[in-house]
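Q: Can we go through how the helix packing and the core get their labels here?

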Amino acid sequence: MRRAPIVALLVLLCAPAGAQAEEDPHPGKQQFEIHCGTCHSLDLPRSQRLDRFNWKWVIDDMVNQFGATWITEEQQEQILEYLVETYGPDRPR
């Protein structure tokens with residue numbers, strides 16, 4: 001299923017100008033919502049609370065084992081930073 005790039009483009013085109021910057025300045029949040037939300041609930045990381053190594057493993061697994069190959073390395077890094085900063089083991093629940 002290769003609809004994710006089309007969905008991502010539609011999300012970006014339909015969003016009001018500057019809306020994302022006002023909501024959350026972290027570039028990884030938008031990448032996370034677009035790419036990860038394509039296949040599963042965005043609430044999933046709240047229960048995970050993984051460290052950097054394990055979030056990286058999850059992202060690698062999603063790309064390499066489950067076929068989310070449309071996510072660029074730069075986007076993967078942005079998603080990783082967002083997950084660590086927002087849903088890391090030391091973050092409040």
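A: Contact means heavy atoms within 4.5 Å, and helices are DSSP runs (H or I, at least four residues) numbered from the N terminus. This is a predicted model, where local features need pLDDT of at least 70, side-chain atom pairs count only at pLDDT 80 or more, and totals for chains, interfaces and linings use all residues. Residues are numbered from 1 along each chain as its sequence is written, and side-chain values use heavy atoms, with hydrogens and water left out.

Q: Which residues of α3 and α6 meet?
A: Pro27, Gly28, Lys29, Gln31, Phe32, His35 and Cys36 in α3 touch Gln75, Gln78, Ile79, Tyr82 and Leu83 in α6.

Q: What makes the largest nonpolar core a core?
A: The label needs buried (under 20% relative accessible area, 1.4 Å probe, protein chains only) Ala, Val, Leu, Ile, Met, Phe, Trp, Tyr and Cys residues, joined through side-chain atoms within 4.5 Å. The largest such set has 14 residues, with Phe32, Trp55, Ile59, Ile79 and Leu83 having the most contacts inside it. α3 (27–36), α5 (52–64) and α6 (73–87) each supply at least two, and α6 gives the most, five residues.

Q: What does Phe32 touch beyond its neighbours within four places in sequence?
A: Phe32 is in contact with Gly37, Leu42, Pro45, Ile79, Tyr82 and Leu83.

Definitions and conventions. Buried means under 20% relative accessible area, exposed over 50%, partly exposed in between (1.4 Å probe, protein chains only).
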